[in-house]
Amino acid sequence: MNFDLKIWRQAEGKTKGNFQTVDARDIPSEASFLEMLDIVNDRMSESGEVPVAFDHDCREGICGSCSLTINGIPQGPGRGTACQLYMRKFRDGDTIYIEPFRVGAFPVVKDLVVNRSAFDRVIAAGGFISERCGNAQDANDTPIPKTVVDYAMDAAACIGCGACAAACPNGSAMLFVSAKIGHLGLLPQGKPEANRRVRGMVAKMDAEGFGNCSNFYECAAVCPAGVPAAFIAKMNRDYALASVRNAVEATA
Amino acid sequence: MSVVSVSKGPRQPNPLLAFLVSSIGKKWIVGISGGLLIFFVLAHLAGNLTIYIGPFGEGINAYAQALHANPVLLWIARGGLLLVFAVHIGTTMSLIIANRRARPQRYAVKARVQSTLAVRTMALSGLVVLSFLIFHVLQFAGGLSPHADLYDLQGRHDVAAMIILSFHNPLVSGFYLVSLVLLGMHLSHGISSVFQTFGLSGRKSFGLIKQGGLLLAWALIIGFASIPVASVTGFLKILPADRRVAPELSASSQL
């Protein structure tokens, strides 16, 4: 298959970037999107060009390292990560725009690589959970209803790739943050710190410069893990209740 | 005797202030003010529909008279409404500015996966509705309408005739209907968004609330739009001029 690629090239974060047109010829239809980029990069290296920098790790759709926006859609068309996208999904001769995630809080490092450490700092702001040390406790010691476990797992499925923030026209990270708050806050292990966690993570999210949710729900539509936007509603509620509790405790 | 000083640690910000300036706090402010405005729209529609009472829309004349019976309460309500509008628009603007900053560079290819036209045009539909509201208030409440000095058989201000005659002007009814469509779009996203912001939509009720908001918004718009349609088609009739009381006479009889 042949493709007309428009790849975002940017030598480093501070320099101005632009699109490079690459004629990708004889790409096997069974190649994944990243394998297609590998082939393109090999040819660039052979001809003495600087290959395209892009993030990748497991290439199994579970690590969340991919950060490509393909034809305007973070992680590419269809559910799943960019590494799980295969070239047979495109038509022969298609023009494909490849851009980095565009979020103010994710500065471009080089080409298609962005710095997503803002997410790590939001996670750190959530703090630890209280857990006893020593031997692992019996598996059935803490009963949790199946429905709660399943719901917490829906949120815990988040791989932290950042596609939600990249898809949001407001550059909001609320699906990511609400998934983290949701999955810990739903389980008994994370309940004791729930109020502190939601206040800490929301404050950090704001400080990192992420935008505000205005319910476009593009985030949930591109999320490779299928985290539902209902978690944002839960976060809105949890944050308000935690703030009220904090205000009451401050006056007491 | 030694004094032990205990460090209090870094000063904690005021919890209420911290909430109000946070991203989610601002969403709550927009949600609360938007929710109040939805109630206002509901009450306004209920008032408007009284025009269908009586052969010449006397229902709305009585309603208007009752509304103006206590000027103090009326002005308190108007002031409160203005404040709610100001808070809704002001907070939204601060959110929009923050959102622009959070996404400094746009994509070369604009793609949307699922967002509707309504959500992508919230600011635009809101601003058009606002410009309509200014015109609307000046026209009907401000008495700028050329039909504002008519009185009915009971000597009440003939609000029904003012509305029906105004809608006979195609520019007035056209602007009204266009603004209603934009208000419908604004509400079709706004009503379900209020539930989302207050955390009242769960994973099961999410779709139901979205569809319910859409349905309620357009039901409201059909209610409002029925009045210009009924005026233009002649379903709503005005009191014939030969049975009308002279304005000077009715004004003095009111005293």
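Which residue is the bridge partner of Phe3(A) in β2(A)? In β2(A), Phe3(A) has Ala24(A) as its bridge partner.

Before going on, note that this is a predicted model: local features need pLDDT of at least 70, side-chain atom pairs count only at pLDDT 80 or more, and totals for chains, interfaces and linings use all residues. Residues are numbered from 1 along each chain as its sequence is written, while chains are lettered from A and ligands numbered from 1 in the order in which they are written.

**Exercise 1. Work out the strand order of the open five-stranded sheet in chain A.**

*Step 1.* Two strands pair if DSSP finds at least two bridges between them.

*Step 2.* Take β1(A), residues 3-9: seven bridges join this strand to β2(A), and the two run antiparallel.

*Step 3.* Now look at the link from β1(A) to β5(A), where four bridges join strands that run parallel. Here Leu5(A) stands opposite Ile96(A) of β5(A).

*Step 4.* Go on to β3(A), residues 68-70, which pairs with β4(A) in the antiparallel sense over two bridges. Within this pair, Thr69(A) has Pro74(A) as its bridge partner.

*Step 5.* The edge strands are β2 (18-24) and β4 (73-74) of chain A, each pairing on one side only.

**Exercise 2. Describe chain A as a whole.**

*Step 1.* Count the elements: chain A has eight helices and seven strands.

*Step 2.* Check the extent: the C-alpha trace of chain A spans about 70 × 40 × 35 Å along its principal axes.

*Step 3.* Look at burial: 48% of the 252 residues of chain A count as buried (20 or more other C-beta atoms within 10 Å of a residue's own, with C-beta atoms placed from the backbone).

**Exercise 3. Describe the side of chain A that touches chain B.**

*Step 1.* Find the numbers: 44 residues from chain A and 40 residues from chain B take part in the contact (two residues are in contact if their C-beta atoms, placed from the backbone, lie within 7 Å).

*Step 2.* Find the contributors: β5 (95-100), α6 (194-207), α7 (218-222) and α8 (230-251) of chain A each supply at least two residues of this side. The largest share, 12 residues, comes from α8(A).

Conventions: A residue is buried if 20 or more other C-beta atoms lie within 10 Å of its own, exposed if 12 or fewer, and partly exposed in between; C-beta atoms are placed from the backbone.
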